[in-house]
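Subject: Structure handover

Hello,

Here is the structure you are taking over. Please open it beside this email and follow along.

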Amino acid sequence: VQLQASGGGLVQAGGSLRLSCAASGSIVSINVMDWYRQAPGKQRELVARVTNSNRVDYADFVKGRFTISRDNAKNTVYLQMNSLKPEDSGVYYCGAVVHTTGWTTSTYWGQGTQVTVSS
């Protein structure tokens, strides 16, 4: 199973970006899909999470600004980020809990995509 993240870049404060993360491989189903971020010198932190029943959870610092969604037919999770702030800068990682055709359940991670918000 592989997760491919895309959509990062450089944006001014107040701007928007949309991240995508597509899972591929020996997938039967995907339970939870989420986005984490890591700023330089800081620990990785959860940004948002969506379950296979479309229950969503957000970190307090993104509520009202970010929206997570998923397309189960495409095994893809999205993160729409609006009203971006410089403190949102960091590497964003997608993760997924995947049930595989080998009858295993594991967590997989994407390679990360850089988001830089200038002031």
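Below is what was found in it, topic by topic.

**Ground rules**

This is a predicted model, so local features need pLDDT of at least 70, side-chain atom pairs count only at pLDDT 80 or more, and totals for chains, interfaces and linings use all residues. Residues are numbered from 1 along each chain as its sequence is written, and side-chain values use heavy atoms, with hydrogens and water left out.

**The four-stranded sheet**

Start with an open sheet of four strands, in the order β1-β3-β8-β7. Its pairing is antiparallel. Strands here are DSSP runs of E with at least two residues, numbered from the N terminus. Two strands pair if DSSP finds at least two bridges between them. In general, strands of a sheet pair through backbone hydrogen bonds, either parallel or antiparallel.

Which strands stand at the edges? They are β1 and β7. Each has a single partner strand, so one side of each is left without a neighbour in the sheet. On average, neighbouring strands of this sheet are turned by 15° against each other, direction ignored. That angle is taken between axes, which are lines fitted to C-alpha atoms; angles run from 0 to 180 degrees between N-to-C directions.

Now look inside the sheet. β3 and β8 run antiparallel and are joined by six bridges. Ser20 is in β3, which spans residues 17-24. Ser20 counts as buried because its relative accessibility is 18%. Buried means under 20% relative accessible area, exposed means over 50%, and partly exposed is in between (1.4 Å probe, protein chains only). Beyond its neighbours within four places in sequence, Ser20 is in contact with residues including Gln4, Trp35 and Val77. Contact means heavy atoms within 4.5 Å.

**The strand β11**

β11 has two faces. Thr113, Val115 and Val117 form the covered face. Gln114, Thr116 and Ser118 form the uncovered one. β11 pairs with β2 (residues 9-12) in the parallel sense, over four bridges. There, Gly9 stands opposite Val115. β11 also pairs with β9, in the antiparallel sense, over three bridges. There, Val91 stands opposite Gln114.

**The core**

A nonpolar core is a set of buried Ala, Val, Leu, Ile, Met, Phe, Trp, Tyr and Cys residues joined through side-chain atoms within 4.5 Å. The largest one holds 28 residues. Which of them touch the most other members? They are Trp35, Val47, Phe66, Val77, Leu79, Met81 and Tyr92. Strands that each supply at least two residues of this core include β1 (2-6), β4 (27-38), β7 (66-71) and β9 (90-100).

Take Met81. Leaving aside neighbours within four places in sequence, its contacts include Leu17, Leu19, Phe66, Tyr92 and Val115.

Ala48 is in strand β5. It counts as buried because its relative accessibility is 0%. Ala48 and Thr67 are 19 residues apart in sequence, and 8.0 Å apart in space, C-alpha to C-alpha.

Asp34 is in strand β4. Is Asp34 buried or exposed? It counts as buried, because its relative accessibility is 7%. Its side chain makes a polar contact with the side chain of Arg49, at 3.2 Å. A polar contact is a pair of N or O atoms within 3.5 Å; within protein, one must be able to donate a hydrogen and the other to accept it, and residues adjacent in sequence count only if both atoms are side-chain atoms. Asp34 also touches Ala48 and Cys94, among others.

**The disulfide**

How many disulfides does a search of the whole structure find? It finds one. Cys21 and Cys94 form it, with their sulfur atoms 2.0 Å apart. The pair links distant parts of the chain: Cys21 is in β3 and Cys94 in β9, 73 residues apart. The cut-off for a disulfide is a pair of cysteine sulfur atoms within 2.5 Å. The link is right-handed, with 60° about the S-S bond. Cys21 is buried, at 1% relative accessible area. Cys94 is buried too, at 0%.

**Two loop residues**

Asn75 is not a glycine, yet its phi is positive, about 50°. Asn75 sits in the loop between β7 and β8. Ser83 has a positive phi as well, near 50°. Ser83 lies in the loop between β8 and β9. Asn75 counts as partly exposed because its relative accessibility is 23%. Ser83 counts as partly exposed at 40%.

Best wishes
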